[in-house]
Amino acid sequence: MRISRRALAAAAVLATVLPLSACSSDSDSGSGSSDASGKVEGKITFQTWNLQANFKDYFNGVIADFQKKYPGTEVKWVDRPAEGYADKISADAAGGTLPDVVNVSPDLVAPLARAGLALDLDKAASDYRKEYLPGAWESHRIPGTQGTYAFPWYLNTGPLFYNKRLFTEAGLDPQKPPKTYDEVFAAGLRMAKQSNGKIATFANIPTIEDFGRYGVEQMNKSGDGFAFNDAKGVELLTRYKELYDAKALDPQALTATPESTGHKFLTESVAMNPGSALDLANFKKQAPTLYKNIGITDQISSTGKANMYVMGVMVNARSGHKPAAVAFAHFVTDATRQMEFAKKVAIFPSTAGSLDDPYFTKEDGSDETRVRIAAAKSLKTAVNYTPVLFSEQMKVALRNEVAKALQGKESPKEALDNAVKACDQLLKQS
C-alpha cells in the first residue's frame, strides 16, 4: 500500500531518485558557516543524475535564464548515470569534493547535515521559506537538530487503484472501495475467501510509510531512537499477518519490489495497488482489459493525511560560492521553474499556491486529470512518513523482521522489537 521512493522517481520518468547536484572546484575553500550573503557571482557545477537524455532542453533553459538574471555567474552542467549515486555523494563528502548544490532525498541529506556539510536554510535563506508548502519545507529537517537543510523541489503522491471486476467477483461493491484500514483488511479477507486464496488483495508487505499512515509513532521525541514497535505498530503487523495467513497477500510479497507489485496488478493477479497518474496511460496501453475495470480511490490513512514523496535541493555549506549556490538552488525550485517541470513529467510542485493552478484543479473528463487533481489536493496537507533518518539499511532490517513475523517465525511484537533494536544500532553508527 505504498509507492517507494525509487518507484516514485521511475513513475516520474526520472529513472530513479533523480538527484541534482553541483560541484565546485572551490568547494574546499568555503567556511561551512551559515552566512550566504554577498554578491551572486562565480562558477558552480550543476550535476544531475541521469536527466540529460530526457530533459536537456529544459535544464539548459533554466541555466541560461539564471545566468541572464545574474551576470557574472557560470553554471557548468554535468550529468551522471543513476547507479551508485548515494555512494557518489558519500565519496564526495569524504573527499572534500561535494557539489555546491545537491538534489537529495531527505534520508540522503541527513548525514550531510550532521557532518556540517548541508547549509541550514533557516539561517541562510529564511526569507524563502514562505514560498513553499509547510510540509515540504519541513521534510528536510533532522530530528534532534535545529534547521532545514534543503529547498523542497518536486513532490509526488498517488491514489490507490483497484480492480472493479475482482471486487465484483468477490461480492464487494465496486462503487464503494475501502476508505479505512478496517474496511481494506475486511475486503482483503473476503476476497481471499471467495477466491479460495487465488486472488490476493495486495502484493507488498508494510513498510515504514505504512506504519506512519496507520498512525504509528515512528521516532521518539528526541530523535535518537525509533518507536514503531508500540502497540499500534504491533496491531498493524498483526493485521497483516492475518492477511498473509488467509492468502490475501500475494505469495511473493515477502520478496516483492515496487516493479513486481505493479506487474502483479497489471496482470490482474492482485486487486489493489498504489500508483500515479502516469500508470493510467500504461494500463491503457498494456492492459486494456484492466483499464476498463480500473477503480481509483484515495490512499488509506488513519491520520487524515496522505504520504508525500519529496526531493530537495541542498546547498553545500562549504561551497566557495555560497551566494550563487543558494541563488541557483532557489531558482531551480521556485514556482515558475517547478510549474514548467511539472508540465513535462508527472510530478507536483512544492511551492505555495502552485497546486491551485488550473492544471491541478480543472477537470477535463479524463482519468489522468482526475488522478492529478486528487493528488494535488492531497499534497496540500500531506506529510513525508519516511523518517529522515531512516536509511536503506534500516528499510532492509525492517523488511526482514516483518517477513519473519508474517511467516510465523517471530511474533509481531518480537519482530518489531528486533527491527527497532537493529535500526537504533544503525542510527548510532551513522
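Predicted model: local features only at pLDDT ≥ 70, side-chain atom pairs only at ≥ 80, totals over all residues.
Reader: Is arginine 372 buried or exposed?
Author: A residue counts as buried when its relative accessible area is under 20%. Arginine 372 has a relative accessible area of 18%, and among the other residues of H16 that are buried are Val371 and Ile373. Because its value falls under that cut-off, arginine 372 is classed as buried.

Reader: How far apart in space are arginine 372 and valine 332, C-alpha to C-alpha?
Author: Along the sequence, arginine 372 and valine 332 are 40 residues apart. In space, taken from C-alpha to C-alpha, the separation of the two residues is 22 Å.

Reader: What span should the 13 residues of H16 have, and how far apart are its end C-alpha atoms?
Author: The expected span is 1.5 Å times one less than the number of residues, and for the 13 residues of H16 this gives 18 Å. The end C-alpha atoms of H16 agree with that expectation, being apart by 18 Å.

Reader: Where is valine 388 found, and which residues does it touch?
Author: Valine 388 is found in the loop between helix H16 (367-379) and H17, and with a relative accessible area of 8% it is buried. Leaving out residues up to four places away in sequence, valine 388 touches Pro106, Asp107, Ala110, Ser139, Arg141, Ile142 and Pro143.

Reader: How many residues line the largest pocket, and which are the closest to its centre?
Author: The largest pocket holds about 760 Å³ of space. Its lining is made up of 30 residues, which divide into twelve nonpolar, twelve polar and six charged. The closest to the centre of the largest pocket are Glu138, Pro143, Gln218, Val383 and Asn384.

Reader: Which elements give two or more residues to the lining of the second largest pocket?
Author: About 660 Å³ of space lies in the second largest pocket, and of the 30 residues that line it, Asp107, Leu108, Pro111, Ser391 and Glu392 lie nearest its centre. The elements that give two or more residues to this lining are helix H1 (5-11), helix H3 (85-95), helix H4 (106-114), helix H17 (392-406) and helix H18 (412-429).

Reader: How many nonpolar residues does the lining of the second largest pocket have?
Author: Divided by class, the lining of the second largest pocket has six polar and six charged residues. The nonpolar residues in the lining of the second largest pocket number 18.

Reader: Why do the buried residues of H18 lie on the same side of the helix?
Author: The buried residues of H18 are Pro412, Ala415, Leu416, Ala419, Val420, Cys423, Leu426 and Leu427. Because they cover an arc of only 130° around the axis, they are put on the same side of H18. The face of H18 turned away from this buried side carries the exposed residues Lys421, Lys428 and Gln429. The buried residues, for their part, pack against H4, H9, H10 and H17.

Reader: Which value does phi of lysine 247 lie near?
Author: Lysine 247 is found in the loop between H10 and helix H11 (258-266), and at 51% relative accessibility it counts as exposed. Its phi is positive in a residue other than glycine, with a value near 65°.

How values were computed. Residues numbered from 1 in each chain as written. Heavy atoms only, no water. 1 Å grid on protein atoms, 1.4 Å probe; cavity = no way out; pocket = protein on both sides within 12 Å on 5 of 7 lines; lining within 4 Å. Points joined across faces, edges and corners; volume = space filled by probe spheres on them. Nonpolar A, V, L, I, M, F, W, Y, C, P; charged D, E, K, R; others polar. Helix = DSSP H or I, 4+ residues; strand = E, 2+ residues; numbered from the N terminus. Buried < 20%, exposed > 50% of the residue type's maximum accessible area, 1.4 Å probe, protein only. Contact = heavy atoms within 4.5 Å. Arc of directions from axis to C-beta.
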